[in-house]
Amino acid sequence: MNERQLSRAGEGLQDVQEVDVAILGAGAAGLMCALEAGRRGRRVLVLDHADKPGKKILISGGGRCNFTNLHATAANFLSQNPHFAKSALARFTPADIIALVEKHGIPYHEKTLGQLFCDRSAKEIVQMLERECAEAGVRLALETRIAKATRDGEAFRIETSSGILRADSVVVATGGLSIPKMGATGLGYEIARHFGLRIVEPRPGLVPLVLHPDDRDQWCDLAGLSAEVVAATAQPRTPAFREKALITHRGLSGPAILQISSYWQAGQPLSFDLAPGADVLAPLLAPNARRDPPAFAQALRSIFPTRLAERWLALHPPSDWTNPSLAAAERQLHDWTLTPAGTEGYAKAEVTCGGVDTADLDARTLQSRAVPGLFFIGEVVDVTGWLGGYNFQWAWASGFAAGQVA
Ligand code: FDA
């Protein structure tokens, strides 16, 4: 087999017993790392149990892949060490992935808030990565389940469903636990533990929230209705998100909810400003204005769809129509609290928060501090982006950083 060509499923590992770099996982991070290491002349093999590379890229951004965010900085990521991502993000920026996308003639647009999407299809991003990998001589072994990775003298031994592989460097790019039916596994965490790296307890992130039965009875028949809110947690020093929240059959979703879900701690309340920047009940305070339920509902319709306005009034009628009562009603709209029962879990989570503890990794190279030649990149690491293209930017940046040295 020609080592400089990208091979596909079925070719197996029989004739590839030794490589310089084995990359576990053909997702965004693994492919970016592979093309960088390949460009350096390293013999690179990417392994994945899926039947094609970049499956999550294909379903991302509603099929159009929100491949970066123009404003990405370390402040847009959750991690026990908020500074960890800075080094990699500085060395592969949104401008770098845009340059690659433009080199391949892929049209894109900014949707909102710096989020860049393909005009046509996420497939083009996968094709771009495949082409770059092929040009860099990267080989790809698909439908290859990885069982474990262990030390073998100075090198590593990787046991797979297609045979045993020896590699000088191993890059773990197996992602998190989100969407098990798409092939997510905890393999990356198992390899990390085997080599003595610590794990920050994984949990679902960017995930819809489920309400307690009483709250569900009050709201969930309005599934499909949405409003712009500011969502925040009760914990200090966590960001608040001003975006849409959506009522679902079991709870809440929409961008504001997905964003705050990554910061939410089980059992804690969330607070919502349901009328950001608005003085909703001001019309009732005007001289000679009507002060009654229809006037109240009318005012609420400036921020809510009609059925939601009516439901709010039914559940939160002012105690009377005096100025203090209306002021209290206004305050309640700006500071409404609700304690979710839980999340929809990994089946619906866009990402996994937590992961390989950054304290055990070098921020510049993503290499294990204690095990030279062992790297962790992408979502398997305890660096989780906000909604809006940040997670792919981390995958590109961390993949690039490791690809420079692996
Ligand atoms: P990723 O999960 O992509 O790849 C890991 C690979 O490892 C997979 O190919 C898997 O098959 C393989 N693997 C795992 N275990 C294995 C084993 N035991 N043996 C062999 N192979 C194994 N982000 C963003 O920035 N913009 C967006 O538009 C979206 N949209 C989006 C939509 C949906 C529905 C989801 C679920 C997620 C997003 N994301 C996103 C998040 C983004 O997709 C995610 O953060 C990156 O794909 C992570 O890339 P990685 O390469 O780290 O892991």
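Glu143 turns out to be partly exposed, at a relative accessible area of 47% (buried is under 20%, exposed over 50%, partly exposed in between, with a 1.4 Å probe and protein chains only). The model is a predicted one, in which local features need pLDDT of at least 70 and side-chain atom pairs count only at pLDDT 80 or more, while totals for chains, interfaces and linings use all residues. Residues are numbered from 1 along each chain as its sequence is written, and side-chain values rest on heavy atoms, with hydrogens and water left out.

Glu143 sits in the loop between strand E7 (139-141) and strand E8 (146-152); helices (H or I, at least four residues) and strands (E, at least two) are DSSP runs numbered from the N terminus. Glu143 is not a glycine, yet has a positive phi of about 50°. Arg237, likewise not a glycine, has a positive phi near 60°. Arg237 belongs to the loop between strand E13 (226-233) and E14, and with a relative accessible area of 82% it is exposed.

As for the overall picture, the protein chain has 13 helices and 21 strands, and its C-alpha trace spans about 85 × 45 × 35 Å along the principal axes. Of its 406 residues, 55% count as buried. One of the buried residues is Phe84, at 4% relative accessibility, placed in the loop between strand E4 (77-78) and helix H3 (86-91). Phe84 and Cys353 are 269 residues apart in sequence, with 15 Å between their C-alpha atoms.

Now to the ligand. There are 28 residues around it, and Asp48, Asn66, Thr185, Glu379 and Phe392 come nearest (a residue is near if one of its heavy atoms lies within 4 Å). By class, this shell has 10 nonpolar, 14 polar and four charged residues (Ala, Val, Leu, Ile, Met, Phe, Trp, Tyr, Cys and Pro count as nonpolar, Asp, Glu, Lys and Arg as charged, and the others, Gly among them, as polar). In the side chain of Thr185, an N or O atom is 2.6 Å from a nitrogen atom of the ligand. The protein covers 92% of the 1,000 Å² of accessible area that the ligand has on its own (Shrake-Rupley method, 1.4 Å probe). Helix H1 (28-39), helix H2 (55-59) and helix H13 (390-403) each give two or more residues to the shell, and H13 gives the most, with three.

The whole structure holds 15 aromatic pairs (ring centres of Phe, Tyr or the six-membered ring of Trp within 6.5 Å; planes under 30 degrees apart are stacked, over 60 edge-to-face, the rest tilted). Phe241 and Tyr263 make a tilted pair, 6.0 Å centre to centre with 40° between the planes. Phe241 lies in strand E14 (residues 241-247) and Tyr263 in the loop between helix H8 (255-261) and strand E16 (270-273), so the pair ties together parts 22 residues apart in sequence. Both Phe241 and Tyr263 are buried.

Arg151 has its charged end over the ring of Phe156, 4.3 Å from the centre, and Lys111 lies over the face of Phe117, 4.8 Å from the ring centre.

Conventions: A polar contact is a pair of N or O atoms within 3.5 Å; within protein, one must be able to donate a hydrogen and the other to accept it, and residues adjacent in sequence count only if both atoms are side-chain atoms. A charge sits over a ring if NZ of Lys or CZ of Arg is within 6 Å of the ring centre and within 35 degrees of the ring normal.
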